[in-house]
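Biologist: Could we go through this model together, one question at a time, with the criterion behind each term stated as we reach it?

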Amino acid sequence: MTKSEINKALVRWRSRLWLNQWDIGVIYERLSGLTAACVEYRTEYKHATISVDLDKKITEPVIIHELCHLLIAGSLDVGQFLAKSDSEKEWARQSMESTVSHLTRVFCEGANMDLDGNHLRVEKKRVVKKT
């Protein structure tokens, strides 16, 4: 995706996910490892910055995934606050990541899109009532 396509996807999905109250910025930078994008946020201020590595494959589902982090940001904050050890904090982080990945799949399916960002053709099904 180009910067323009990324910005269009952000505008579209920010609205669809009811995140318009968030101040969301994007920075383009190299990220380590396999990470294509990541988000940092301050829940109390509803401020987030999504970092995107244009050298890696960026798809619309990647953008959706990062925005989904904001949907459950408060839950992670509580989990991190209540965790008594590093292992409990890691468990909270992994649980959040699993939930975000699930939400991403749900929203992509609802938008008739696969996880590679390909829009799927939907054939109308005819429902016939059996008598």
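Biologist: Leaving aside neighbours within four places in sequence, which residues is T59 in contact with?

Modeller: This is a predicted model, in which local features need pLDDT of at least 70 and side-chain atom pairs count only at pLDDT 80 or more, while totals for chains, interfaces and linings use all residues. Residues are numbered from 1 along each chain as its sequence is written, and side-chain values use heavy atoms, with hydrogens and water left out. T59 has its place in the loop between β3 (47-52) and α2, helices (H or I, at least four residues) and strands (E, at least two) being DSSP runs numbered from the N terminus. With contact taken as heavy atoms within 4.5 Å, and those sequence neighbours left aside, the partners of T59 are M1, L115 and D116.

Biologist: Is T59 buried or exposed?

Modeller: The classes rest on relative accessible area, with buried under 20%, exposed over 50% and partly exposed in between (1.4 Å probe, protein chains only). Because its relative accessibility is 9%, T59 counts as buried.

Biologist: Why is α2 described as largely enclosed by the rest of the structure?

Modeller: The buried residues of α2 include I63, I64, L67 and L70, and also E60, H65, E66 and H69. Helix α2 is largely enclosed because, of its 12 residues, the number buried is 10.

Biologist: How far apart are the end C-alpha atoms of helix α4 (residues 86-110)?

Modeller: The expected span of a helix is 1.5 Å times one less than its number of residues. For the 25 residues of α4 this should give 36 Å, and the distance between its end C-alpha atoms agrees, at 36 Å.

Biologist: Which geometry does the pair of W22 and Y41 have, given its ring centres and planes?

Modeller: Rings of Phe, Tyr and Trp (its six-membered ring) pair if their centres lie within 6.5 Å, and planes under 30 degrees apart count as stacked, over 60 as edge-to-face and the rest as tilted. A search of the whole structure finds 1 aromatic pair. Since the centres of W22 and Y41 are 6.5 Å apart and their planes lie at 80 degrees, the pair is edge-to-face.

Biologist: Where in the chain does Y41 lie, as the partner of W22?

Modeller: Both W22 and Y41 are buried. The pair links distant parts of the chain, 19 residues apart, with W22 in the loop between α1 (3-16) and β1 (23-28) and Y41 in strand β2 (residues 37-42).
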